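Have a look at the model first.

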Amino acid sequence: MTRSVSIDIAAPPARVWAVLSEVARWPEWTPTVTSVRRADEGALAVGSRATVEQPRLADAEYVVTDLTPGRAFTWVATRPGLVTTATHEVEPLPAGGARVHLAVAQSGALGAIMGRLYRGLTDRYLANEANGLKARCETGASAG
């Protein structure tokens with residue numbers, strides 16, 4: 001089961017990427033993330049790990065499995081019977097600005113069940129994250 005959201009942001013794609021890829025600072029701009037603790041330092045890379053704490057959800061350790069610098073990353077959290085895959089993509093718009101695509105997929109033996117049980121929460125979290133990212137990127141707040 002996959003849930004997704006897209007939003008247009010009136011900021012340069014490089015700015016959007018800088019905010020989106022600095023995952024340890026997500027709690028500053030989205031209420032859906034309480035804490036992100038990186039297991040490594042520096043820019044995100046394939047293999048980077050982070051523990052994400054979110055209200056109403058169990059803490060999860062995500063591992064970056066795919067990354068195109070300046071453009072997109074995917075990270076995956078696994079539990080017995082459940083794989084959560086989250087994708088984050090920044091697409092330049094022809095007239096300027098960026099379109100961001102955020103998606104969460106649940107798979108594994110429990111994926112369909114968990115996806116249905118958490119569909120409403122996932123949709124709210126994705127919308128809040130997209131709107132928080134937009135607000136952060138469209139203001140003068142520093143990305144770093």
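What volume does the largest pocket have? The volume is about 570 Å³. Of the 29 residues lining the largest pocket, Gln 54, Leu 57, Tyr 62, Thr 84 and Gln 106 are the closest to its centre. At least two lining residues come from each of β3 (49–53), β4 (60–68), β5 (72–79), β6 (82–92), β7 (98–107) and α3 (119–138).

This is a predicted model, in which local features need pLDDT of at least 70, side-chain atom pairs count only at pLDDT 80 or more, and totals for chains, interfaces and linings use all residues. Residues are numbered from 1 along each chain as its sequence is written, and side-chain values use heavy atoms, with hydrogens and water left out.

On a 1 Å grid over the protein atoms alone, a 1.4 Å probe fits in a cavity but cannot get out, while a pocket is an open set with protein on both sides within 12 Å along at least five of seven lines; lining residues have an atom within 4 Å of a point. There are three cavities of 30 Å³ or more. Leu 20, Trp 26, Trp 29, His 88, Leu 102, Glu 129 and Leu 133 line the largest cavity.

| Space | Volume | Lining residues |
|---|---|---|
| Largest cavity | about 40 Å³ | five nonpolar, one polar, one charged |

Here Ala, Val, Leu, Ile, Met, Phe, Trp, Tyr, Cys and Pro count as nonpolar, Asp, Glu, Lys and Arg as charged, and the others, Gly among them, as polar.

Now for the backbone angle. Arg 56, in the loop between β3 and β4, has a positive phi near 70°. Most residues other than glycine have a negative phi. Arg 56 counts as exposed because its relative accessibility is 65%, with exposed meaning over 50% relative accessible area (1.4 Å probe, protein chains only).

Key. Grid points are joined across faces, edges and corners, and a volume is the space filled by probe spheres set on the points. Helices (H or I, at least four residues) and strands (E, at least two) are DSSP runs, numbered from the N terminus. Buried means under 20% relative accessible area, exposed over 50%, partly exposed in between (1.4 Å probe, protein chains only).
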